[in-house]
Amino acid sequence: MSLALDVLTILSVSTGAFFFLAGTVGLLRFPDALSRLHALTKADNLGLGLVVLGLLFQVEGFLAALKLVGVWLLALLAGATVTQLIARIARMRGSTM
Amino acid sequence: MAFDIGLVTLVLGVAAWTIGARETFAAVVGFVAYGLLLALVWVRLAAPDVAMTEAALGSGLTGGLLLGASTRLARTDGPAAIEKPSAIIRLAAAVLCTLVSAGLAALVLLMPEPAPTLAPQVAANMAATGLGNPVTAVLMAYRAIDTLLEVVVLLLALAGMWSLAPDRLWGGFPGPRHQDDPDSVLSFIGQLLVPVGILVGIHIFWVGSVAPGGEFQGATILAAMGILAMMAGLVGAPAVSGRWLRLVLVVGPAVFFTIGLAGFAMAGGFLAYPEAHAKMLILMIEIPVTLSIAATLALLVAGPPERTTQR
């Protein structure tokens, strides 16, 4: 049972790390601000989500799991908001930043 | 081990990049990233209390202050680039910085092995404070005077910053007026995040007695929520002459100092607590201190008074 959980954790966290990598590559390679933001938030949200999912298999107790999910939700909220604000400024300036 | 080496390389790399950055804004962004990485280093050193302080205060709040400063300095970036310091001054700065770094490195490397420590004494006597977190026990009981002075220093910093305001704006409202647009993203996140953040801040403060956390970390989160609410235009920044505001700023240090003085009568020394009531007295200090730190930090970020009316 614990072996199966460990395998699930490794799979999930590794996939999450892959999304972080993909997001970083997108941030560095995409041509304009809006696409870069898109790469960053999509990949980071999914990446962090998968890392949190992987860690959920390891925690003991409902409260610890709830905290992990809370961290993910707060990161989602903050990421989405900041992206909106940056994108708005990028569009106002009309440049590729 | 490989992770630690990678982390250290990253910290040094970001530090070098931050120093080398040409634009003030880019340097501030580098500084924030550097602070977050440093928090990871503290976690690796099994010091979660320091890690939280570094992330909240060192990286987050100081980053916010520096961002404000860099915005104000943006107009002077051009002229500053023209008046380049002479080669001698730059050489002298480089030599001085190298000497300081070398001195610090030598101190760390020459430390006796094992390093002198009072940790066993703290662990042995911690029960007397009624606290479960040794870091909080040190901050609030054994080195309470340092904590008291830190709180006072914050207040002095705020008074110093306020005194930068021109006379005609004295007693006015800090920072520009932020528009309250109910449809804006900022307004939405403010309404959603501020209540959650206040809960998290109080939680971090409260668990400080038994787990990593404490008044500085909790107060920083509360301050951040105050700043967010002000930026979203949900609440107006209070006038710096407001009586209630002044009271909130002073109540923490005042209560701390009063209970410290009462220590002479109760336990025979400044900031000494009678053993039976130690935990209650520490809590009586911590609650107003957290409130004062939160207000002070939020107002530090808000800046000096810039307008005399709320509009």
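Axes here are lines fitted to C-alpha atoms, for helices over the stretch in contact, and the angle between two of them is taken between their N-to-C directions. Keep that in mind for the first view of this predicted model.

**View 1. Helix 3 and helix 12 of chain B meet.** In chain B, the axes of helix 3 (residues 48-73) and helix 12 (residues 278-302) come within 9 Å and cross at roughly 25°. Angles under 35 degrees count as roughly parallel, so helix 3 of chain B is roughly parallel to helix 12 of chain B. Look for L61(B), G64(B), L65(B) and G68(B) on helix 3, which make the contact with L297(B), L300(B) and V301(B) on helix 12. By class, five residues of this contact are nonpolar, two are polar and none is charged.

**View 2. Two domains of chain B.** Domain 1 covers 1-84 of chain B and domain 2 covers 121-311. Their centres, taken over C-alpha atoms, are 24 Å apart. At the meeting place, 11 residues of domain 1 of chain B are in contact with 14 residues of domain 2 of chain B. The domain 1 side has six nonpolar, four polar and one charged residues.

**View 3. Helix 10 of chain B.** Helix 10 (residues 215-231) has 17 residues, which at 1.5 Å a residue should span 24 Å; its end C-alpha atoms are 24 Å apart, so the two values agree. Most of helix 10 is covered, with 15 of its 17 residues buried. Just after this helix comes G233(B), with a positive phi of about 80°.

**View 4. Where chain B touches chain A.** Here five residues of chain B are in contact with four residues of chain A. On the chain B side, five residues are nonpolar, with no polar and no charged ones.

How values were computed. Residues are numbered from 1 along each chain as its sequence is written. Chains are lettered from A and ligands numbered from 1 in the order in which they are written. This is a predicted model: local features need pLDDT of at least 70, side-chain atom pairs count only at pLDDT 80 or more; totals for chains, interfaces and linings use all residues. Helices (H or I, at least four residues) and strands (E, at least two) are DSSP runs, numbered from the N terminus. The expected span of a helix is 1.5 Å times one less than its number of residues. A residue is buried if 20 or more other C-beta atoms lie within 10 Å of its own, exposed if 12 or fewer, and partly exposed in between; C-beta atoms are placed from the backbone. Two residues are in contact if their C-beta atoms, placed from the backbone, lie within 7 Å. Ala, Val, Leu, Ile, Met, Phe, Trp, Tyr, Cys and Pro count as nonpolar, Asp, Glu, Lys and Arg as charged, and the others, Gly among them, as polar. Domain bounds come from an automatic or database domain assignment. Axes are lines fitted to C-alpha atoms, for helices over the stretch in contact, and angles run from 0 to 180 degrees between N-to-C directions. Angles under 35 degrees count as roughly parallel, over 145 as roughly antiparallel, 65 to 115 as roughly perpendicular and the rest as oblique.
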